[in-house]
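Welcome, and take a moment to look over the sequence and the fold before reading on. The paragraphs below walk you through a few places in turn.

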Amino acid sequence: MDHQSKYEPTNGFTRWIDSRLPVVRMAHDSFIDYPTPVNLNYWWTFGGILTFCLVIMIVTGIVLAMHYTPHVDHAFDSVQHIRRDVQFGWLIQYVHANGASMFFLAVYIHMFRGLYYGSYKEPRELLWILGVVIFVLMMAAAFLGYVLPWGQMSFWAATVITNLFAAIPWVGEGIRTWLWGGFSVDNATLNRFFSLHYLVPFVIFAVVALHIWALHVPGNNNPKGIDPKGNQDMVPFHPYYTAKDGFALGLFLLLFATFVFYLPDALGHADNYIKADPLVTPEHIVPEWYFLPHYAILRAVPDKLMGVIAMFAAIAILFVLPWLDSSKVRSGRYRPLFQQFFILFVVACVALGWAGGQPAEGAALLVSRVGTIYYFAFFLIILPLLGVFETPREMPNSIAEPVLKKPDSPPELEPDSTGKPAPVPAE
Ligand code: HEM
């Protein structure tokens, strides 16, 4: 959103910099003065939390890489060495391992927020698409990273996922060999996964920069989903949202610290404490919790290739979401029917997550099938049709209108002692 820059360099040095490379001005305009809707709620604090997570993951990852050895004979032991021998290695390793879970928790909340408040709708389509690109890259980074400790789950997760590509007709097996860098998941695989795992977060960083740029052109959406109408609908980002985001980050850190210090292995899998053994398959191969819904979709379809297609389609469909939703009303707050279907959608995603963690049989298989059908129906049938059939609730003209009392509005009626409204005073 265009606004006049209020940044004024205070001394000769900052003036000199400003006339040559106005980065401080840019940062000031984007994160201090930046006009922000007055009514952003706590769901809007997750973008800042995600930025924090990304930085933490990169910093801890760089330190881990200083002590980690990407070789099938040493990888497992080098992680144990980090935990036991490196100064604060245990802390850095647990922050990185649990940080991945925290990152996904935050990104799922961020995405559901966007979905509910229609933040993907015109003019924020590209902002949303860049978000989906980040999500895909995050999944790649998490998968690649999970292989590195070279435990049993690492090895078998790599084997299961790379084998999925072999289901593609004609070229599948070639792709799988190309991904492996050989004829099985082995040293070449581990080495390239390490190399890519180091690279991808920096690509994410670059896409996040574009994401925030694409946010700052149209400006933030808000819980009402209506465009701000003037000064009374806006506040500067600092101190209002720096304080709110900081407070939310503090709460988020409490949860993060609880896992790191009290439950450091709760989100992991015990089998990853066993060194990878290509000759012993674990009883249940399960991915980390954040991949469980996708895993459920994969296994819900009896045919392997169709399962792979369904799993990738479940992510790809997010790219076209801005064009699937036919409703002109952005915020779910004014869409009574959408609210109900949205709650069911959240329930379906959680149920898929549960089913993904169970053996693919009986009730779990049924839940994953029903969940998969609802997941796709939500995007392909419900959202396109709702815009046509739904009658939205009445919306205010501006963000501030319902809050600020208008000068010509009639005086408010105070109830008397009997609870009945007092008579209207005579003119
Ligand atoms: C590393 C991951 C990510 C980071 C660091 C990040 C960062 C941010 C930040 C700082 C904001 C502004 C504050 C806020 O609205 O919370 C934002 C807004 C937004 N993000 Fe993300 N984001 C990430 C991932 C995603 C993903 C995966 C999606 C969707 C698929 C997404 C979609 C959006 C949308 C639609 C908005 C605009 C929200 C609004 O104004 O209503 N982001 N993001």
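Let us begin with Thr36, which is found in strand E1 (residues 35–37); strands are DSSP runs of at least two residues (E), helices are runs of at least four (H or I), and both are numbered from the N terminus. This is a predicted model, in which local features need pLDDT of at least 70 and side-chain atom pairs count only at pLDDT 80 or more, while totals for chains, interfaces and linings use all residues. Residues are numbered from 1 along each chain as its sequence is written, and side-chain values use heavy atoms, with hydrogens and water left out.

Is Thr36 buried or exposed? Thr36 counts as buried because its relative accessibility is 0%; buried means under 20% relative accessible area, exposed over 50%, and partly exposed in between, with a 1.4 Å probe and protein chains only. Not counting residues up to four places away in sequence, Thr36 touches Asn220, Asp233, Met234, Val235, Pro236, Phe237 and Tyr241, where contact means heavy atoms within 4.5 Å.

Now turn to the ligand. Its iron atom is coordinated by His110 (NE2) and His211 (NE2), at 2.0 to 2.1 Å. Donors here are N, O and S atoms within 2.8 Å of the metal (3.2 Å for Na, K and Ca), and sites may look incomplete because water is not among the atoms. The 6 donor atoms around the iron subtend angles of 81 to 179°, so the arrangement is octahedral: for six donors, that requires opposite donors over 155 degrees apart and all others between 65 and 115. His110 lies in helix H5 (residues 89–116) and His211 in helix H9 (residues 187–216), so the pair ties together parts that are 101 residues apart in sequence. Both histidines, His110 and His211, are buried.

Finally, visit Phe261 in helix H10 (residues 237–262). Phe261 is partly exposed, because its relative accessible area is 48%. Phe261 touches Trp90 and Leu91, again not counting residues up to four places away in sequence. Phe261 and Thr391 are 130 residues apart in sequence and 50 Å apart in space, C-alpha to C-alpha.

Terms used:
Tetrahedral: all angles 85-135°; square planar, octahedral: opposite > 155°, others 65-115°.
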